[in-house]
Amino acid sequence: MLEAVDLTKNYGTAVPSLDRLNLRIEAGEVFCLLGPNGAGKTTTISLFLGFIAPSAGTARIKSLDVQRHPLETKRFVAYIPEQVMLYRNLSGLENLEYFSALAGQDRYTRPELLAFFEQVGLPAESAGRRVGTYSKGMRQKVGIAIAIAKKAEALLLDEPTSGLDPKASNEFSELLGRLSRQGVAVLMATHDLFRAKEAGTRVGIMNAGRLVATARTEDLGYEQLERLYLESMAVAAAGGGVREVRR
Ligand SMILES: Nc1ncnc2c1ncn2[C@@H]1O[C@H](COP(=O)(O)OP(=O)(O)OP(=O)(O)O)[C@@H](O)[C@H]1O
């Protein structure tokens with residue numbers, strides 16, 4: 001569903017920002033990308049979104065090369081950054097209507113739009129309110145509602161829960177779980193090991209542009225994940241392949 005084959009981005013620096021990433025995320029998986037600042041997480045997401053072109057290798061969505069099929073692949077994918085970009089002066093419902101229409105969906109009726117709102121746990125009372133009055137957690141939920149309305153088959157998220165309180169963050173993770181159970185492939189970059197363990201089906205740890213370890217979250221306790229993360233920093237410095245941790 002989401003596939004990186006030897007995906008590389010080099011801005012002309014000594015160390016590539018992304019160095020031969022090989023990764024496959026199937027429909028229904030939530031893959032959490034962990035790693036320190038500058039590891040290459042946002043670069044990976046930007047390549048899948050076609051915001052930047054790879055120096056080598058391929059990013060594919062539903063087997064289509066993102067570079068060769070920019071319009072088709074954009075239709076399949078939804079993106080939720082740290083701050084979901086919405087029109088502050090439009091209501092939540094108007095934003096939802098606008099962005100789903102932009103994604104090529106037929107116009108939804110008001111009850112249909114309200115149903116998307118309800119699905120993501122946004123109170124019906126807020127639907128007609130200006131987004132400028134929403135909390136961050138509410139705006140992130142509008143982002144998920146847009147992904148659902150857009151019928152996205154892949155969801156890319158870059159630190160979507162940063163700055164959310166634990167309850168909002170937990171609700172957000174539950175929504176991701178629900179989307180994945182409906183067959184959406186999810187790739188989420190995060191610094192939050194706890195959230196990755198809770199929300200993810202798999203984790204990948206990056207450092208200095210390289211994917212250095214992967215594991216299924218069901219195979220690791222939180223403390224083991226933290227240990228793997230810390231060990232991965234040393235492994236990256238020493239070089240080598242991807243460490244796949246299995247129970
Ligand atoms: N336009 C650019 N020109 C040059 N270098 C860049 C550019 N964009 C990113 N980089 C470099 O690529 C590397 C990877 O950056 P990236 O933003 O992917 O890291 P990240 O893992 O998302 O970090 P963070 O956790 O801080 O968001 C960094 O060293 C960064 O400085």
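Reader: Which residues does Val-184 touch, not counting residues up to four places away in sequence?

Author: Val-184 touches Ala-27, Gly-28, Glu-29, Ala-152, Glu-153, Ala-154, Leu-155 and Leu-179, where contact means heavy atoms within 4.5 Å. This is a predicted model, in which local features need pLDDT of at least 70 and side-chain atom pairs count only at pLDDT 80 or more, while totals for chains, interfaces and linings use all residues. Residues are numbered from 1 along each chain as its sequence is written, and side-chain values use heavy atoms, with hydrogens and water left out.

Reader: Why is Val-184 called buried?

Author: Buried means under 20% relative accessible area, exposed means over 50%, and partly exposed lies in between, with a 1.4 Å probe and protein chains only. Val-184 has 7% relative accessibility and therefore counts as buried. Val-184 is found in the loop between helix 6 (166-181) and strand 8 (185-189); helices (H or I, at least four residues) and strands (E, at least two) are DSSP runs, numbered from the N terminus.

Reader: What makes Glu-29 buried?

Author: Its relative accessible area is 11%, so Glu-29 is buried. Glu-29 lies in the loop between strand 2 (18-25) and strand 3 (30-34). Beyond four places in sequence, Glu-29 touches Arg-24, Val-184, Ala-185, Val-186, Thr-201, Arg-202 and Arg-216.

Reader: Is Met-1 buried or exposed?

Author: Met-1 counts as buried, because its relative accessibility is 16%. Met-1 lies in the segment before strand 1 (2-9). Leaving aside neighbours within four places in sequence, the contacts of Met-1 include Arg-24, Ile-25, Arg-60, Ile-61, Glu-153 and Ala-185.

Reader: Why is helix 1 described as largely enclosed by the rest of the structure?

Author: Helix 1 (residues 41-49) has nine residues and eight of them are buried, so helix 1 is largely enclosed. The buried residues are Lys-41, Thr-43, Thr-44, Ile-45, Ser-46, Leu-47, Phe-48 and Leu-49. Just after helix 1, Gly-50 takes a positive phi of about 75 degrees.

Reader: What makes a set of residues a nonpolar core?

Author: A nonpolar core is a set of buried Ala, Val, Leu, Ile, Met, Phe, Trp, Tyr and Cys residues joined through side-chain atoms within 4.5 Å. The largest such core has 52 residues, of which Leu-34, Leu-96, Ile-144, Leu-155, Leu-157 and Leu-176 touch the most other members. Helix 5 (residues 136-149) supplies the largest share of this core, eight residues. A second, separate core of 27 residues includes Leu-18, Ile-25, Leu-47 and Met-206. In soluble globular proteins, nonpolar side chains tend to be buried together.

Reader: Which residues does Ile-144 touch, not counting residues up to four places away in sequence?

Author: Ile-144 touches Ile-80, Val-120, Leu-155, Phe-172, Leu-175, Leu-176 and Leu-179.

Reader: Which residues surround the ligand?

Author: Tyr-11, Ser-17, Pro-36, Asn-37, Gly-38, Ala-39, Gly-40, Lys-41, Thr-42, Thr-43, Glu-159 and His-191 surround the ligand; a residue is near a molecule or strand if one of its heavy atoms lies within 4 Å of it.

Reader: Why does Glu-159 count as buried?

Author: Glu-159 counts as buried because its relative accessibility is 19%. Glu-159 is placed in the loop between strand 7 (154-158) and helix 6. Phi of Glu-159 is near 50 degrees, a positive value in a residue other than glycine. Most residues other than glycine have a negative phi.

Reader: Why does Ala-208 count as partly exposed?

Author: Ala-208 has 41% relative accessibility and therefore counts as partly exposed. Ala-208 is found in the loop between strand 9 (202-207) and strand 10 (210-216). Its phi is positive, about 50 degrees, although Ala-208 is not a glycine.
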